[in-house]
Number of protein chains: 2
Amino acid sequence: MDDVHVILKEGERIDDLLSPSFKIIQHQHQFRFTIDAVLLAHFVQVKKNELMVDLGTGTGVIPLVIAGRQTPRQIVGLEIQNALVDMARRSVQLNGLGDRIAIEEMDLKEAPTRLGHGVADVVASNPPYRPLGKGDANALNAVAIARHEVYCTLGDVVKTASKLLKYRGSFYMVHLAERLADIITQGRNYQLEPKLVRFVQSFAREEAKLVLIQMVKGAQASLKVLPPLVVYQSPGCYTEEVYRYYYLEEKEQSDE
Amino acid sequence: MDDVHVILKEGERIDDLLSPSFKIIQHQHQFRFTIDAVLLAHFVQVKKNELMVDLGTGTGVIPLVIAGRQTPRQIVGLEIQNALVDMARRSVQLNGLGDRIAIEEMDLKEAPTRLGHGVADVVASNPPYRPLGKGDANALNAVAIARHEVYCTLGDVVKTASKLLKYRGSFYMVHLAERLADIITQGRNYQLEPKLVRFVQSFAREEAKLVLIQMVKGAQASLKVLPPLVVYQSPGCYTEEVYRYYYLEEKEQSDE
């Protein structure tokens with residue numbers, strides 16, 4: 001327990017990351033990871049020995065989940081908020097993943113200059129979803145920065161992803177389904193062609209809230225639209241697929 | 001039977017249009033309407049007293065199905081192939097819809113000049129889906145013209161729709177899901193903002209083949225993604241929704 005207490009700061013707690021048995025440090029009252037990040041981490045395909053960059057990694061949830069499922073050479077998580085960088089680094093340490101995940105404090109717009117152009121095989125992002133409204137600029141807390149385009153717009157994220165990626169590299173993003181046309185337009189502005197989408201619906205008969213999208217740098221136009229991912233089969237009860245993301249993969253892996 | 005024989009030419013036959021009890025003349029061995037047109041006709045929303053234009057109307061299936069379900073002031077179906085224009089006109093006559101549907105022989109690219117700019121409340125189209133490949137240009141039969149971009153490209157269709165539409169008017173189209181990014185890009189090139197999409201899957205677990213899309217002229221960006229329309233619940237057996245399109249609406253209407 002002493003080790004755990006050393007790693008935690010005031011107001012923080014350690015939560016199960018569930019799949020596969022990793023732990024994550026989060027603040028009790030501040031930004032915590034959402035299902036959106038978990039769905040994205042299961043949508044990303046990254047091969048052995050590839051370099052992956054996560055833009056706006058927050059508490060590091062996407063690198064941690066991916067490190068448990070796939071074996072990229074290195075995952076670099078970029079985060080602009082110092083307190084979250086610090087928390088994510090301690091989560092990496094807590095899980096003994098320091099050789100596979102690096103967390104860097106960085107404005108993602110500086111990433112191509114600092115990390116290099118065309119260096120990444122895969123880029124992922126669960127970016128802020130909503131444009132900054134008038135008056136919102138006052139609410140500069142961690143949650144607002146994660147949800148609203150305070151420090152970066154959709155265009156910034158897509159442009160950065162494109163610059164970091166190798167030719168034929170993939171950018172995976174989760175975003176609001178309602179912004180799909182903006183995502184496609186911005187992608188094409190920066191040579192990223194949408195190749196695969198999967199919409200996310202809370203229930204089978206509801207409209208989609210989110211979209212999971214893979215865009216490939218320099219690819220030809222031809223989009224594959226997967227059947228939607230439905231989160232709940234009834235209120236409070238996950239569908240089999242999402243239940244598996246949270247619980248079964250942990251068991252499968254711990255049986256190995 | 002004499003009336004029917006007068007209206008039919010060699011190789012043609014009269015088919016049930018099913019919903020709502022209309023008949024349609026089609027050629028036994030040439031282009032016949034597909035489920036794509038039926039799905040589009042059920043996706044289109046056109047209000048009483050509005051003017052609707054159907055681009056590339058073929059045998060007139062979309063005007064006929066819509067005239068049975070909704071009450072626009074007038075539906076104008078444009079078709080470039082003379083033999084199909086003639087067949088569609090006779091189907092309109094056969095159903096006694098001459099006061100509600102007009103079929104015009106026209107290259108859709110000439111439509112804004114001939115019909116006027118900003119005249120339509122609603123435009124619909126089930127256009128050719130596939131770019132013209134090398135060598136395809138020789139196959140200039142009615143089916144090839146309906147399926148391939150022989151006489152008009154996606155860009156031509158979208159541009160024509162935008163010119164014909166009033167500000168805030170809606171363009172409804174069915175197309176290949178794989179071309180969604182091209183559709184959105186072309187729409188935005190011509191002031192048509194995607195507002196509503198519904199993907200069409202053959203089966204619940206398969207990827208989407210088609211997309212039904214509504215684009216609104218001059219609208220703000222914000223896309224609504226409906227749950228997919230699944231056509232078959234098992235091989236050869238329609239889902240309840242599609243079965244209703246073909247059979248039940250006819251009964252409901254004939255009971256009135």
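Visitor: What makes up the lining of the second largest pocket, by class?
Guide: In this predicted model, that lining has 26 nonpolar, 10 polar and eight charged residues, where Ala, Val, Leu, Ile, Met, Phe, Trp, Tyr, Cys and Pro count as nonpolar, Asp, Glu, Lys and Arg as charged, and the others, Gly among them, as polar. The 44 lining residues include F31(A), N126(A), P127(A), Y129(A) and A146(A), which lie nearest the centre of the pocket, and α2(A) gives the most to the lining, with four residues. The space in this pocket is about 740 Å³, a volume being the space filled by probe spheres set on grid points that are joined across faces, edges and corners.

Visitor: How are the model and its numbering to be read?
Guide: Residues are numbered from 1 along each chain as its sequence is written, and chains are lettered from A and ligands numbered from 1 in the order in which they are written. As the model is predicted, local features need pLDDT of at least 70 and side-chain atom pairs count only at pLDDT 80 or more, while totals for chains, interfaces and linings use all residues, and side-chain values use heavy atoms, with hydrogens and water left out.

Visitor: What makes a space a cavity and not a pocket?
Guide: On a 1 Å grid over the protein atoms alone, a cavity is a set of points where a 1.4 Å probe fits but cannot get out, whereas a pocket is an open set with protein on both sides within 12 Å along at least five of seven lines; lining residues have an atom within 4 Å of a point. The whole structure holds three cavities of 30 Å³ or more, and the largest cavity has a volume of about 70 Å³. Its 13 lining residues divide into 11 nonpolar, two polar and no charged. The largest pocket holds about 940 Å³ of space, and nine charged residues belong to its lining.

Visitor: Why is the pair of F43(A) and Y172(A) called edge-to-face?
Guide: Rings of Phe, Tyr and Trp (its six-membered ring) pair if their centres lie within 6.5 Å, and planes under 30 degrees apart count as stacked, over 60 as edge-to-face and the rest as tilted. Here the centres are 5.7 Å apart and the planes stand at 85 degrees, so the pair is edge-to-face. F43(A) lies in helix α2 and Y172(A) in strand β7 of chain A, so the pair ties together parts that are 129 residues apart in sequence; helices (H or I, at least four residues) and strands (E, at least two) are DSSP runs, numbered from the N terminus. By contrast, Y238(B) and Y246(B) are stacked, at 5.3 Å centre to centre and 5 degrees between the planes.

Visitor: How do you know which of these residues are buried and which partly exposed?
Guide: Buried means under 20% relative accessible area, exposed over 50%, and partly exposed in between (1.4 Å probe, protein chains only). F43(A), at 10%, therefore counts as buried, as does Y172(A) at 3%. Y246(B) is buried at 9%, whereas Y238(B), at 24%, is partly exposed.

Visitor: Why are the two copies described as related by a two-fold rotation axis?
Guide: With copies superposed by least squares on the C-alpha atoms of residues with pLDDT of at least 70 in both, chain A can be laid on chain B with an RMSD of 0.0 Å by a turn of 180 degrees and a shift of 0.0 Å along the axis. The copies are thus related as by a two-fold rotation axis, and in chain A the C-alpha nearest that axis is that of T185(A), 3.3 Å from it.
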